[in-house]
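Biologist: Before we use any labels, I would like to hear what each one rests on. Please show the model and start with the terms.

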Amino acid sequence: MNPSIATAQRHHHGASDQRIQGRKALDSNTDTVIDAQVVIVGGGPVGMGLAIDLGQRGVQCTIVERHVNPQQVPKGQNLTQRTLEHFRVWGIEEQIRQARIIPREYGIKGLTTYGKLLSEYHYDWFQRDKVAKYYFTENERLPQYKTEAVLRERVKELQCVTTLLGWDCTGVLDSGDTVSVNATHRDTGERQQLRACYVVGCDGSNSVVRTSANIEQDSDDHDKRMVLLVFKSKQLHALLERYPGKSYFNVINPELDGYWQFFGRVDFGETFFFHAPVESDVTASNHDFSAMLCDIVGEQINIEFEHIGFWDLRIATAKSYSKGRVFIAGDAAHSHPPYGGFGINTGFEDARN
């Protein structure tokens, strides 16, 4: 066992159910001792999906992931029919369907309203079930952290996949024959270096792997600060009974120049998420988000916030998805506005490709 990985095992937050195994192998091309054939930086949906695909083929992988547990933010909920085809190949289709928390009849159906959420002016959209006949499987909908939990359980079943949770990648060096990944434990500060035949950066839009490899990207900055609110409101659920079978709601307002005020169900009966553009100086402490939501809904409702966060809206695409022994996938290669699940679904396409 690699001594540094053995130390990582001792520092793994006492999670006895998570297998962390260190191995060394020979690169058949160079006879160089390596820690893994592929190191995957980023153990979100794309990184875990890639590990499953490679692991099922017997490829020895190590995942370096900064978060010990999936982040409880309900992003990436829309899973396309094509993604569910990948899940079937990865042996997790039924587990994904069983993890859903919204009734099946609600599916992925949305509504656009004008002015206010409860406006009398509205029309249907997002009828992904209309294209179901062109695919082997049906689409699905659940929060990303539910999807990640299923992916992580599948990874545990693959003997050739090693998982390092709670570690940050701090840099990548391609030496020509092998590639090295430097990692630091987030709690202890311990450092280690992993050597591999290849590294794949699935580490998000601010990818350390992409930056280390000097892979440039084109960016279309919309110069918009966006807020993400996760909140509970049984009153809002009751009011939305006028729109049966709908899970997503876009409120359009001429003053926003085409940007949406976007509501979505996280579960059925109480929890919602909302995102929309806000002024650049808005923070969690200097803005009345309850009043903002009530105004957009068009009626006073009780609101209990679970999360308030911000991000800058932009579109970015790397000029290349590989350089030498370094590859990038998912948001590291192409980042999207958080609409329609484009990021998570195209990321799974990257992994499969």
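Modeller: Buried means under 20% relative accessible area. The model is a predicted one.

Biologist: What makes F263 count as buried?

Modeller: F263 has 1% relative accessibility, which is under the 20% cut-off, so F263 is called buried. F263 lies in strand 15, residues 261-265.

Biologist: Which residues of helix 8 are buried?

Modeller: In helix 8, residues 289-297, the buried residues are F289, M292, L293, C294, I296 and V297. Residues three or four places apart in an α-helix point the same way, because a turn takes 3.6 residues.

Biologist: What covers the buried residues of helix 8?

Modeller: The cover includes strand 13 (217-232), helix 7 (234-239), strand 14 (248-252), strand 15, strand 16 (271-278) and strand 17 (304-318).

Biologist: How do you know that F263 touches V297?

Modeller: A contact needs heavy atoms within 4.5 Å, and V297 is among the residues that F263 touches, along with L293 and I296.

Biologist: What makes the approach of D288 to S290 a polar contact?

Modeller: A side-chain oxygen of D288 comes within 3.3 Å of the backbone nitrogen of S290, at the start of helix 8. The limit for such an N or O pair is 3.5 Å, so the pair qualifies.

Note on methods: Residues are numbered from 1 along each chain as its sequence is written. This is a predicted model: local features need pLDDT of at least 70, side-chain atom pairs count only at pLDDT 80 or more; totals for chains, interfaces and linings use all residues. Side-chain values use heavy atoms; hydrogens and water are left out. Helices (H or I, at least four residues) and strands (E, at least two) are DSSP runs, numbered from the N terminus. Buried means under 20% relative accessible area, exposed over 50%, partly exposed in between (1.4 Å probe, protein chains only). A polar contact is a pair of N or O atoms within 3.5 Å; within protein, one must be able to donate a hydrogen and the other to accept it, and residues adjacent in sequence count only if both atoms are side-chain atoms.
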